[in-house]
Amino acid sequence: MKNKTKNSAWSSYWSEGCITSLPNLFPENYGGDILRFWNEEFSELKDRSRILDICTGNGAIAFIARDNVNRRHIHCDIHAIDIANIQPHEPDSDGSHINEIKFHAGVAVETTPFADKYFDLVVGQFALEYCNLEDGTKELSRIVREDGSVVLMMHHDESRTVRSTHELISVADIFLDDPTIFYRLRKYVEQYSRQKSIDAPKVVRMRQQLIANFDKANKLMRRFPNSRFLRVTLDNIKQFAERVHLEPGVQSADIREFENTVKHHLIRAKDQRDAALNAEKISEIGALFTRNGFKSVVYEPFYLDKDLFAWTFKARRSNGM
Ligand SMILES: C[S@@+](CC[C@H](N)C(=O)[O-])C[C@H]1O[C@@H](n2cnc3c(N)ncnc32)[C@H](O)[C@@H]1O
(Lines give C-alpha, C1' and ligand atoms only; values in the text may rest on other atoms or scores of the structure.)
Protein backbone atom coordinates (compact mmCIF):
# COMPACT_ATOMS: atom_id res chain seq x y z
CA MET A 1 0.00 0.00 0.00
CA LYS A 2 1.31 3.46 -0.92
CA ASN A 3 2.40 5.78 1.91
CA LYS A 4 0.34 8.62 0.44
CA THR A 5 -2.83 6.50 0.61
CA LYS A 6 -2.12 5.53 4.22
CA ASN A 7 -1.35 9.12 5.24
CA SER A 8 -4.56 10.43 3.78
CA ALA A 9 -6.55 7.63 5.50
CA TRP A 10 -5.01 8.59 8.87
CA SER A 11 -5.37 12.35 8.22
CA SER A 12 -9.05 11.92 7.50
CA TYR A 13 -9.50 9.70 10.59
CA TRP A 14 -7.86 12.23 12.94
CA SER A 15 -9.90 15.07 11.40
CA GLU A 16 -13.03 13.32 12.71
CA GLY A 17 -11.78 14.16 16.22
CA CYS A 18 -11.18 10.68 17.70
CA ILE A 19 -8.60 10.87 20.45
CA THR A 20 -7.19 7.32 20.11
CA SER A 21 -6.85 4.87 17.26
CA LEU A 22 -9.17 2.44 19.12
CA PRO A 23 -12.28 4.61 19.51
CA ASN A 24 -14.60 1.73 20.50
CA LEU A 25 -12.37 0.72 23.39
CA PHE A 26 -11.00 4.14 24.35
CA PRO A 27 -13.30 6.96 23.24
CA GLU A 28 -11.95 9.48 25.78
CA ASN A 29 -8.25 8.52 25.77
CA TYR A 30 -6.48 5.45 27.12
CA GLY A 31 -7.51 4.51 30.67
CA GLY A 32 -7.05 1.71 33.22
CA ASP A 33 -3.79 -0.21 33.09
CA ILE A 34 -2.58 1.59 29.95
CA LEU A 35 -2.95 4.94 31.66
CA ARG A 36 -1.19 3.52 34.74
CA PHE A 37 1.65 2.24 32.54
CA TRP A 38 2.23 5.65 30.99
CA ASN A 39 1.82 7.55 34.25
CA GLU A 40 4.52 5.37 35.84
CA GLU A 41 6.88 6.40 33.05
CA PHE A 42 5.97 10.08 33.23
CA SER A 43 6.28 10.16 37.03
CA GLU A 44 10.03 9.67 36.57
CA LEU A 45 10.32 12.92 34.62
CA LYS A 46 12.10 15.78 36.31
CA ASP A 47 11.60 19.52 35.89
CA ARG A 48 12.84 20.77 32.46
CA SER A 49 12.66 17.32 30.85
CA ARG A 50 12.14 17.11 27.11
CA ILE A 51 9.61 14.58 25.84
CA LEU A 52 8.58 13.49 22.36
CA ASP A 53 5.44 11.49 21.50
CA ILE A 54 5.94 9.84 18.09
CA CYS A 55 3.03 8.91 15.78
CA THR A 56 0.89 10.94 18.14
CA GLY A 57 -2.37 11.01 16.14
CA ASN A 58 -4.62 13.32 18.10
CA GLY A 59 -2.14 13.44 20.95
CA ALA A 60 -3.44 10.70 23.27
CA ILE A 61 -0.09 9.95 24.95
CA ALA A 62 1.19 13.53 24.76
CA PHE A 63 -1.90 14.66 26.71
CA ILE A 64 -1.32 11.98 29.36
CA ALA A 65 2.29 13.23 29.69
CA ARG A 66 1.16 16.86 29.85
CA ASP A 67 -1.47 16.15 32.54
CA ASN A 68 1.06 14.17 34.57
CA VAL A 69 3.68 16.94 34.68
CA ASN A 70 1.00 19.62 35.19
CA ARG A 71 -0.25 17.76 38.28
CA ARG A 72 3.30 17.78 39.63
CA HIS A 73 3.74 21.49 38.79
CA ILE A 74 6.91 20.92 36.83
CA HIS A 75 7.81 22.48 33.49
CA CYS A 76 8.62 20.20 30.60
CA ASP A 77 9.16 20.69 26.88
CA ILE A 78 6.63 18.35 25.24
CA HIS A 79 6.62 17.73 21.49
CA ALA A 80 4.41 15.41 19.43
CA ILE A 81 4.86 14.40 15.78
CA ASP A 82 2.87 12.55 13.17
CA ILE A 83 3.34 12.14 9.44
CA ALA A 84 -0.40 12.69 8.95
CA ASN A 85 -2.01 16.08 8.69
CA ILE A 86 -3.03 16.29 12.35
CA GLN A 87 -4.72 19.23 14.06
CA PRO A 88 -5.36 17.96 17.60
CA HIS A 89 -7.97 19.66 19.78
CA GLU A 90 -7.55 20.04 23.47
CA PRO A 91 -9.48 17.23 25.23
CA ASP A 92 -10.98 18.08 28.63
CA SER A 93 -7.91 19.11 30.56
CA ASP A 94 -7.29 19.61 34.25
CA GLY A 95 -7.52 23.36 33.72
CA SER A 96 -3.89 24.16 34.46
CA HIS A 97 -1.85 25.35 31.52
CA ILE A 98 1.68 25.12 32.83
CA ASN A 99 2.76 23.01 29.87
CA GLU A 100 1.56 23.25 26.28
CA ILE A 101 2.23 20.51 23.75
CA LYS A 102 3.97 21.49 20.54
CA PHE A 103 2.34 19.44 17.78
CA HIS A 104 4.18 18.95 14.48
CA ALA A 105 2.02 17.71 11.60
CA GLY A 106 3.55 16.04 8.55
CA VAL A 107 6.74 15.04 10.39
CA ALA A 108 8.08 11.52 9.88
CA VAL A 109 9.87 9.64 12.65
CA GLU A 110 12.63 8.82 10.18
CA THR A 111 13.50 12.49 9.55
CA THR A 112 12.64 14.72 12.49
CA PRO A 113 13.69 18.38 12.74
CA PHE A 114 15.11 18.05 16.27
CA ALA A 115 18.70 18.62 17.38
CA ASP A 116 21.00 15.73 18.27
CA LYS A 117 20.47 14.34 21.79
CA TYR A 118 17.51 16.68 22.37
CA PHE A 119 15.09 14.38 24.22
CA ASP A 120 15.16 12.76 27.64
CA LEU A 121 12.26 10.51 26.78
CA VAL A 122 10.64 9.39 23.51
CA VAL A 123 7.31 7.60 23.81
CA GLY A 124 4.87 6.05 21.36
CA GLN A 125 1.66 4.08 21.50
CA PHE A 126 1.21 1.99 18.34
CA ALA A 127 3.92 4.05 16.74
CA LEU A 128 7.37 2.86 15.60
CA GLU A 129 5.94 -0.37 14.13
CA TYR A 130 4.17 1.81 11.50
CA CYS A 131 7.47 3.37 10.40
CA ASN A 132 10.54 2.23 8.52
CA LEU A 133 12.19 0.41 11.42
CA GLU A 134 15.83 0.82 10.34
CA ASP A 135 15.58 4.55 9.61
CA GLY A 136 13.23 5.26 12.53
CA THR A 137 15.51 3.56 15.07
CA LYS A 138 18.55 5.38 13.67
CA GLU A 139 16.74 8.70 14.07
CA LEU A 140 15.69 7.90 17.65
CA SER A 141 19.29 7.05 18.42
CA ARG A 142 20.27 10.50 17.12
CA ILE A 143 17.70 12.56 19.04
CA VAL A 144 17.69 10.77 22.42
CA ARG A 145 20.33 12.01 24.85
CA GLU A 146 22.83 9.67 26.48
CA ASP A 147 21.03 7.70 29.18
CA GLY A 148 17.69 8.96 27.86
CA SER A 149 14.92 6.43 27.17
CA VAL A 150 12.56 5.17 24.52
CA VAL A 151 9.32 3.60 25.80
CA LEU A 152 6.81 2.11 23.39
CA MET A 153 3.61 0.13 23.42
CA MET A 154 3.39 -1.85 20.18
CA HIS A 155 0.84 -4.03 18.43
CA HIS A 156 1.07 -7.73 19.27
CA ASP A 157 0.00 -9.96 16.38
CA GLU A 158 -1.98 -12.23 18.73
CA SER A 159 -3.82 -9.43 20.53
CA ARG A 160 -7.59 -9.26 20.34
CA THR A 161 -7.46 -5.86 18.61
CA VAL A 162 -5.22 -7.16 15.82
CA ARG A 163 -7.16 -10.41 15.44
CA SER A 164 -10.42 -8.50 15.09
CA THR A 165 -9.04 -6.58 12.09
CA HIS A 166 -8.45 -9.83 10.18
CA GLU A 167 -12.12 -10.48 9.40
CA LEU A 168 -12.55 -6.88 8.36
CA ILE A 169 -9.67 -7.24 5.92
CA SER A 170 -11.06 -10.51 4.51
CA VAL A 171 -14.05 -8.54 3.20
CA ALA A 172 -12.02 -5.54 2.09
CA ASP A 173 -11.44 -6.50 -1.54
CA ILE A 174 -15.05 -6.04 -2.55
CA PHE A 175 -14.78 -2.41 -1.46
CA LEU A 176 -11.19 -1.73 -2.54
CA ASP A 177 -10.70 -3.64 -5.81
CA ASP A 178 -11.73 -1.89 -9.01
CA PRO A 179 -14.40 -1.71 -10.26
CA THR A 180 -15.77 -1.43 -6.74
CA ILE A 181 -19.42 -1.73 -5.81
CA PHE A 182 -19.26 2.06 -5.16
CA TYR A 183 -18.09 2.70 -8.70
CA ARG A 184 -20.99 0.66 -10.08
CA LEU A 185 -23.43 2.48 -7.82
CA ARG A 186 -22.14 5.90 -8.89
CA LYS A 187 -22.34 4.98 -12.58
CA TYR A 188 -25.94 3.80 -12.09
CA VAL A 189 -26.93 6.99 -10.24
CA GLU A 190 -25.25 9.17 -12.88
CA GLN A 191 -26.98 7.38 -15.76
CA TYR A 192 -30.36 7.47 -14.04
CA SER A 193 -30.15 11.20 -13.37
CA ARG A 194 -29.18 11.77 -17.03
CA GLN A 195 -31.84 9.54 -18.62
CA LYS A 196 -34.57 10.06 -15.99
CA SER A 197 -36.04 6.68 -16.89
CA ILE A 198 -35.53 3.37 -15.22
CA ASP A 199 -36.04 1.56 -18.54
CA ALA A 200 -33.50 3.51 -20.59
CA PRO A 201 -31.04 0.92 -22.04
CA LYS A 202 -27.98 2.55 -20.44
CA VAL A 203 -29.70 2.64 -17.06
CA VAL A 204 -30.72 -1.00 -17.40
CA ARG A 205 -27.12 -1.96 -18.25
CA MET A 206 -25.69 -0.09 -15.26
CA ARG A 207 -28.31 -1.64 -12.99
CA GLN A 208 -27.38 -5.14 -14.19
CA GLN A 209 -23.71 -4.47 -13.48
CA LEU A 210 -24.59 -3.21 -10.02
CA ILE A 211 -26.72 -6.29 -9.35
CA ALA A 212 -23.75 -8.49 -10.35
CA ASN A 213 -21.73 -6.74 -7.62
CA PHE A 214 -24.58 -7.28 -5.14
CA ASP A 215 -24.50 -11.00 -5.97
CA LYS A 216 -20.78 -11.08 -5.14
CA ALA A 217 -21.49 -9.21 -1.90
CA ASN A 218 -24.26 -11.63 -0.92
CA LYS A 219 -21.86 -14.55 -1.36
CA LEU A 220 -19.42 -12.76 0.94
CA MET A 221 -22.21 -12.26 3.49
CA ARG A 222 -22.76 -16.02 3.56
CA ARG A 223 -19.06 -16.55 4.30
CA PHE A 224 -18.95 -13.88 7.02
CA PRO A 225 -22.47 -13.86 8.51
CA ASN A 226 -21.26 -12.12 11.69
CA SER A 227 -19.46 -9.25 9.99
CA ARG A 228 -21.32 -6.18 11.20
CA PHE A 229 -19.11 -3.97 9.06
CA LEU A 230 -20.06 -5.87 5.90
CA ARG A 231 -23.78 -5.90 6.72
CA VAL A 232 -23.97 -2.20 7.62
CA THR A 233 -21.91 -1.08 4.62
CA LEU A 234 -23.95 -3.15 2.15
CA ASP A 235 -27.24 -1.97 3.70
CA ASN A 236 -26.13 1.61 3.17
CA ILE A 237 -25.17 0.94 -0.45
CA LYS A 238 -28.54 -0.71 -1.13
CA GLN A 239 -30.33 2.25 0.45
CA PHE A 240 -28.44 4.61 -1.85
CA ALA A 241 -29.54 2.52 -4.86
CA GLU A 242 -33.18 2.53 -3.74
CA ARG A 243 -33.23 6.25 -2.99
CA VAL A 244 -32.22 7.01 -6.58
CA HIS A 245 -35.79 6.37 -7.72
CA LEU A 246 -37.45 8.22 -4.86
CA GLU A 247 -35.14 11.22 -4.62
CA PRO A 248 -33.31 11.94 -7.84
CA GLY A 249 -31.28 14.40 -5.73
CA VAL A 250 -29.04 11.58 -4.47
CA GLN A 251 -25.73 12.79 -5.74
CA SER A 252 -22.67 10.82 -6.65
CA ALA A 253 -20.79 13.20 -4.31
CA ASP A 254 -22.70 11.69 -1.33
CA ILE A 255 -21.76 8.22 -2.50
CA ARG A 256 -18.14 9.25 -2.95
CA GLU A 257 -18.01 10.61 0.60
CA PHE A 258 -19.37 7.35 2.01
CA GLU A 259 -16.98 5.38 -0.22
CA ASN A 260 -14.00 7.33 1.13
CA THR A 261 -15.01 6.70 4.74
CA VAL A 262 -15.29 2.96 4.10
CA LYS A 263 -12.04 2.82 2.11
CA HIS A 264 -10.11 4.76 4.75
CA HIS A 265 -11.41 2.44 7.44
CA LEU A 266 -10.11 -0.58 5.53
CA ILE A 267 -6.78 1.04 4.70
CA ARG A 268 -6.19 1.78 8.40
CA ALA A 269 -7.14 -1.81 9.30
CA LYS A 270 -4.59 -3.15 6.78
CA ASP A 271 -1.96 -0.73 8.11
CA GLN A 272 -2.61 -1.98 11.64
CA ARG A 273 -2.42 -5.64 10.57
CA ASP A 274 0.88 -5.02 8.75
CA ALA A 275 2.32 -3.22 11.80
CA ALA A 276 1.58 -6.06 14.23
CA LEU A 277 4.62 -7.83 15.64
CA ASN A 278 5.20 -11.47 16.53
CA ALA A 279 7.86 -12.65 18.99
CA GLU A 280 10.51 -12.96 16.26
CA LYS A 281 9.89 -9.46 14.92
CA ILE A 282 10.01 -7.77 18.33
CA SER A 283 13.29 -9.53 19.08
CA GLU A 284 14.67 -8.20 15.76
CA ILE A 285 13.63 -4.69 16.82
CA GLY A 286 15.40 -5.26 20.15
CA ALA A 287 18.58 -6.22 18.26
CA LEU A 288 18.18 -3.19 15.99
CA PHE A 289 18.08 -0.87 19.01
CA THR A 290 21.20 -2.51 20.45
CA ARG A 291 23.02 -2.04 17.12
CA ASN A 292 21.99 1.63 17.17
CA GLY A 293 23.51 2.43 20.54
CA PHE A 294 20.79 1.48 23.01
CA LYS A 295 21.26 -0.74 26.06
CA SER A 296 18.93 -2.38 28.62
CA VAL A 297 16.45 -3.34 25.91
CA VAL A 298 13.44 -5.00 27.53
CA TYR A 299 10.18 -6.08 25.93
CA GLU A 300 7.26 -8.18 27.16
CA PRO A 301 3.60 -8.91 26.44
CA PHE A 302 1.13 -6.55 28.10
CA TYR A 303 -2.29 -7.80 29.22
CA LEU A 304 -5.58 -6.02 29.92
CA ASP A 305 -7.82 -8.11 32.18
CA LYS A 306 -5.89 -11.26 31.19
CA ASP A 307 -6.40 -10.40 27.51
CA LEU A 308 -3.25 -9.97 25.46
CA PHE A 309 -3.23 -6.33 24.36
CA ALA A 310 0.26 -5.30 23.15
CA TRP A 311 4.02 -5.46 23.64
CA THR A 312 5.74 -3.01 25.93
CA PHE A 313 9.25 -2.06 24.82
CA LYS A 314 11.86 -0.06 26.73
CA ALA A 315 15.41 0.87 25.83
CA ARG A 316 17.99 3.26 27.26
CA ARG A 317 20.48 5.21 25.17
CA SER A 318 24.06 4.19 25.91
CA ASN A 319 26.74 6.72 26.70
CA GLY A 320 29.30 7.53 24.10
CA MET A 321 28.01 6.33 20.70
C1 LIG B 1 -2.25 3.60 15.24
S2 LIG B 1 -1.96 5.31 15.02
C3 LIG B 1 -1.46 5.71 16.66
C4 LIG B 1 -1.86 7.06 17.14
C5 LIG B 1 -1.74 7.35 18.63
N6 LIG B 1 -0.40 7.15 19.14
C7 LIG B 1 -2.73 6.54 19.43
O8 LIG B 1 -2.35 5.58 20.08
O9 LIG B 1 -3.90 6.90 19.41
C10 LIG B 1 -0.48 5.34 14.10
C11 LIG B 1 -0.07 6.70 13.64
O12 LIG B 1 1.25 6.62 13.09
C13 LIG B 1 1.36 7.61 12.10
N14 LIG B 1 2.54 7.27 11.27
C15 LIG B 1 2.68 6.24 10.40
N16 LIG B 1 3.91 6.25 9.86
C17 LIG B 1 4.58 7.30 10.40
C18 LIG B 1 5.89 7.82 10.23
N19 LIG B 1 6.76 7.23 9.43
N20 LIG B 1 6.23 8.93 10.94
C21 LIG B 1 5.35 9.54 11.76
N22 LIG B 1 4.07 9.08 11.95
C23 LIG B 1 3.70 7.97 11.29
C24 LIG B 1 0.03 7.54 11.38
O25 LIG B 1 -0.22 8.72 10.65
C26 LIG B 1 -0.93 7.33 12.56
O27 LIG B 1 -1.43 8.57 13.00
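Which helix and which strand each supply at least two residues of the shell around the ligand? Helix α3 (60-71) and strand β2 (77-82) do. Helices (H or I, at least four residues) and strands (E, at least two) are DSSP runs, numbered from the N terminus. The model is predicted: local features need pLDDT of at least 70, side-chain atom pairs count only at pLDDT 80 or more, and totals for chains, interfaces and linings use all residues. Residue numbers start from 1 along each chain as its sequence is written.

**View 1. The shell around the ligand.** 20 residues surround the ligand (C-beta atom, placed from the backbone, within 6 Å). The closest are Trp10, Cys55, Gly57, Ile83 and Ala84. By class, the shell holds 13 nonpolar, 5 polar and 2 charged residues. Ala, Val, Leu, Ile, Met, Phe, Trp, Tyr, Cys and Pro count as nonpolar, Asp, Glu, Lys and Arg as charged, and the others, Gly among them, as polar.

**View 2. Domain 1 and domain 2 in contact.** Domain 1 spans 3-159 + 276-317, and domain 2 spans 163-272; these bounds come from an automatic or database domain assignment. 10 residues of domain 1 are in contact with 6 residues of domain 2 (C-beta atoms, placed from the backbone, within 7 Å). Helix α1 (residues 3-15) gives the most to the domain 1 side, with 6 residues.

**View 3. An open sheet of 7 strands.** The order is β3-β2-β1-β4-β5-β7-β6, with mixed pairing; two strands pair if DSSP finds at least two bridges between them. Strands β3 (101-105) and β6 (294-304) are the edges.

**View 4. Strands β4 and β5.** 6 bridges join β4 (residues 119-125) to β5 (residues 144-155), and the two run parallel. Val122 has Val150 in β5 as its bridge partner.

Methods. Contact = placed C-beta atoms within 7 Å.
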